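Here is a short report on one protein model. Look at the structure first, then read on.

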Amino acid sequence: VYGPFLIDNVAPTGTVRIVDSTCNTDVTATSDTIVYLKLAASKDPIKMYLSETSVRPATDQDFAADAVYQLGETTPGTKTIYVWFKDSVGNISATPATDSFTLLAPISISPNTANLDLATGATQVFRVEGTNATYNWTIINEKNEAGGAATAGTIAHFTTSATGQNSVTVQGLVKGSFQLQAGALTS
C-alpha cells in the first residue's frame, strides 16, 4: 500500500522593506551602502535569495525576518532590492518581492527630503553626512505652493547660523518648496 501522497508545488510569496537600522522606519534615501531589510513570507520559507538585479542568484541563504545586505553597486541613484523565498520542498518564488530607495553620494545633505509642518512652526535640522567639514549654507530654488518662483526668504529661513557650519536649522514659513545648498552639495 502506497500513499497518501502530498504534492506541494505552491511557492512562497512575501514582502521586503528597507528600514532604518535603529527605529525600523522605512528608508527612501540613504548614503549608507549597507541596507537593513524586514522580510515576511507565506508558507514558512527556509531559504531566501537576495539581489540587486531581477535575476535570481545561484546561492541562497537561511531565511531571516531581519537581514542586512551590502550593496555591490555603489553608484548613487535608485537601487532596488529583490528577494525570492524558498520553502522546505524546494519551491521558489516565481516573482521576487522588491523595495527601492535612493542611494545618495557618500557625502550628502541629510535628510535629503523633509516635510515641515507649518501648523506647528516646525523646524528641521539638516546636516552634511559623511564628513565633519563646515559649509556656508544657502536656501535656493524657493517655489510657492503652485510651483512658481518665490521671492528669496519667503518660503523658509535659517533659525541658526548658516555660515561655517556642518548643520543648520530651517523653519518653514509658508506652503511651498525649497532646496538647501552647502558648498557644492544640494538637497
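Which residue in β5 is the bridge partner of Met-48? Met-48 has Gln-61 as its bridge partner in β5. The strands β4 and β5 pair in the antiparallel sense over two bridges.

This is a predicted model, in which local features need pLDDT of at least 70, side-chain atom pairs count only at pLDDT 80 or more, and totals for chains, interfaces and linings use all residues. Residues are numbered from 1 along each chain as its sequence is written, and side-chain values use heavy atoms, with hydrogens and water left out.

**Two sheets**

Some terms come first. Helices (H or I, at least four residues) and strands (E, at least two) are DSSP runs, numbered from the N terminus. Two strands pair if DSSP finds at least two bridges between them. Strands of a sheet pair through backbone hydrogen bonds, either parallel or antiparallel.

Five strands make an open sheet in the order β2-β8-β7-β4-β5, with mixed pairing. β2 (29-30) and β5 (61-62) stand at its edges. Each has a single partner strand, so one side of each is left without a neighbour in the sheet.

Three strands form another open sheet, in the order β1-β3-β6, and here the pairing is antiparallel. Its edge strands are β1 (14-19) and β6 (66-70), each pairing on one side only. Neighbouring strands of this sheet are turned by 35° against each other on average, direction ignored. (Axes are lines fitted to C-alpha atoms, for helices over the stretch in contact, and angles run from 0 to 180 degrees between N-to-C directions.) Strand β3 (residues 34-41) runs antiparallel to β6 and is joined to β6 by five bridges. Leu-37 has Ala-67 as its bridge partner in β6.

**Nonpolar cores**

A nonpolar core is a set of buried Ala, Val, Leu, Ile, Met, Phe, Trp, Tyr and Cys residues joined through side-chain atoms within 4.5 Å. Buried means under 20% relative accessible area, exposed over 50%, partly exposed in between (1.4 Å probe, protein chains only).

The largest core has 17 residues. Leu-37, Leu-39, Ile-81 and Val-83 touch the most other members. β1, β3, β4 (47-51), β6, β7 (77-86) and β8 (97-103) each supply at least two residues of this core. Take Val-83: leaving aside neighbours within four places in sequence, Val-83 is in contact (heavy atoms within 4.5 Å) with residues including Val-16, Leu-39, Met-48 and Ala-97. A second, separate core of 13 residues includes Ile-109, Ile-139, Leu-180 and Ala-182.

**Salt bridges**

Side chains of opposite charge can pair when their charged atoms come close. A salt bridge is a side-chain nitrogen of Lys or Arg within 4 Å of a carboxyl oxygen of Asp or Glu. By this rule the count comes to eight. Among them are these:

| Salt bridge | Closest N to O |
|---|---|
| Lys-38 and Asp-66 | 2.6 Å |
| Lys-43 and Asp-87 | 3.7 Å |

Lys-38 in strand β3 and Asp-66 in strand β6 link distant parts of the chain, 28 residues apart. Lys-38 is partly exposed at 24% relative accessibility, and Asp-66 is partly exposed at 47%.

Lys-43 lies in the loop between β3 and β4, and Asp-87 in the loop between β7 and β8, 44 residues apart. Is Asp-87 buried or exposed? At 2% relative accessibility, Asp-87 counts as buried. Lys-43 counts as partly exposed at 36%.
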